[in-house]
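Me: I have a model open and want to learn to read it feature by feature. Please take me through it.

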Amino acid sequence: MNRPADFNSPEGIAWIASRAVTALAALVLVVAIMNSFVVIAPGNTGVLFNIWTGSLRSVGQGMAFRIPWITKVQSYPTALRTYTMVARSGEGSSEGDDSIDLPTREGQHIRQDISVTYNTSEEEAAKVFREFRGADIEDIESTFIRRTIITMAQNAAGQMSLSEIISSQRNSLQDAIQGTLATELDKRGFHLDKVNLGASHLPAAIEAQMQQKMAAQQQAQQAEYELQKQQTLAKAAVAQAEGEAQSTLVKAKAQAEGNRLLEQSLTTNLVQYKAIEKWNGTMPEVTGGATPFIDLRVKKTTE
């Protein structure tokens with residue numbers, strides 16, 4: 001159709017209408033072509049949902065074809081994804097103090113940092129889509145995953161004492177949460193990789209009680225050490241005294257045995273022989289025997 005001279009004439013109006021329809025058709029065609037392809041980001045699986053037939057189809061990362069305005073596309077993570085709830089602002093999945101409240105067996109409460117690493121698979125992605133009616137992963141995290149983490153953690157912590165949660169049974173608590181959480185996520189098409197317990201945040205009153213208890217334990221340990229030290233020193237002193245006494249006894253026994261042997265060896269003949277052996281040829285000035293000692297020097301002086 002040639003361009004009319006008068007656009008207000010019926011021919012002009014028809015010409016304008018035909019051009020508008022042609023432009024609109026071209027625009028629709030361009031938009032349709034552009035929407036016929038969708039790019040699935042690396043580390044994700046795409047789920048294509050046909051709103052006419054209700055069919056679902058999973059596709060891997062890369063470019064995928066879809067029918068414009070009829071096929072809905074949603075992506076879910078096959079690479080590991082971590083959802084974190086911590087007290088420090090800016091580090092968790094939500095702003096502010098996002099640590100979870102854990103009850104203890106005694107009825108006390110602490111705040112606990114926790115992170116959960118999970119993903120899905122290309123085979124399970126369609127199940128995730130059906131379970132959550134095509135919701136995106138951020139919505140699923142902020143509702144189902146968040147609530148399930150909190151519930152499983154609180155159920156497990158409620159069976160333990162405060163000291164067990166923050167020290168002796170911490171690994172057991174983590175394993176208990178991981179076991180029950182894995183079951184719940186698996187029901188919805190997710191795979192749990194790891195649960196990590198971070199810092200535990202105690203209320204000020206409980207913190208003061210714990211410090212007092214630790215100080216008392218340290219004092220008791222120091223007292224026990226001092227007692228053991230004194231006991232060890234006392235045992236060493238007893239052992240030394242027993243050793244010295246044993247040495248003295250051995251020496252006394254040896255001396256007594258020597259005296260006994262010496263006494264047995266001192267016969268009359270031997271004594272006389274030893275006397276003769278020591279005599280220098282001078283008559284003794286003092287002698288004794290059966291009679292009292294007589295000083296012969298007096299007699300010699302008289303003479």
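Me: Is Leu192 buried or exposed?

Reply: Burial is read from relative accessible area: buried means under 20%, exposed over 50%, partly exposed in between, with a 1.4 Å probe and protein chains only. Leu192 has a relative accessible area of 8%, so Leu192 is buried. Leu192 belongs to strand S9, residues 191-201. Helices (H or I, at least four residues) and strands (E, at least two) are DSSP runs, numbered from the N terminus.

Me: What should I know about the model itself?

Reply: The model is predicted, so local features need pLDDT of at least 70, side-chain atom pairs count only at pLDDT 80 or more, and totals for chains, interfaces and linings use all residues. Residues are numbered from 1 along each chain as its sequence is written, and side-chain values use heavy atoms, with hydrogens and water left out.

Me: Which residues is Leu192 in contact with, leaving aside its neighbours within four places in sequence?

Reply: Contact means heavy atoms within 4.5 Å. With those neighbours left aside, Leu192 touches Val116, Thr117, Tyr118, Gln178, Leu181, Ala182 and Leu185. A C-alpha to C-alpha distance is given for another pair: Leu192 and Asn119 are 6.7 Å apart in space and 73 residues apart in sequence.

Me: How do I read a helix pair, and at what angle do the axes of H3 and H5 cross?

Reply: Axes are lines fitted to C-alpha atoms, for helices over the stretch in contact, and angles run from 0 to 180 degrees between N-to-C directions. The axes of H3 (residues 137-157) and H5 (residues 170-187) cross at roughly 140° and come within 9 Å. That makes the two helices oblique. The classes are: under 35 degrees roughly parallel, over 145 roughly antiparallel, 65 to 115 roughly perpendicular, the rest oblique.

Me: Which residues of H3 and H5 make the contact?

Reply: H3 brings Phe144, Ile145, Thr148, Ile149, Met152, Ala153, Ala156 and Ala157. H5 brings Leu173, Ala176, Ile177, Thr180, Leu181, Glu184 and Leu185. By class there are 12 nonpolar, two polar and one charged residues. Ala, Val, Leu, Ile, Met, Phe, Trp, Tyr, Cys and Pro count as nonpolar, Asp, Glu, Lys and Arg as charged, and the others, Gly among them, as polar.

Me: Now a sheet. In what order do the strands S3, S2 and S5 stand?

Reply: Two strands pair if DSSP finds at least two bridges between them. Here three strands form an open sheet, ordered S3-S2-S5, with antiparallel pairing. S3 (56-59) and S5 (71-77) are the edges; each has a single partner strand, so one side of each lacks a neighbour in the sheet. The twist averages 25° from one strand to the next. S2 (residues 44-50) is joined to S5 by seven bridges. Gly46 stands opposite Ser75 in S5.

Me: Where is Arg133, and what is its phi?

Reply: Arg133 sits in the loop between H2 (125-131) and H3. Its phi is near 55°, a positive value in a residue other than glycine. Arg133 is exposed, at 78% relative accessible area.

Me: What of Ser163 and Thr84?

Reply: Ser163, in helix H4 (residues 162-168), is partly exposed at 33%. Thr84, in strand S6 (residues 81-85), is buried at 17%.

Me: How many helices and strands does the protein have?

Reply: Eight helices and 11 strands. Of the 303 residues in the protein, 25% are buried.
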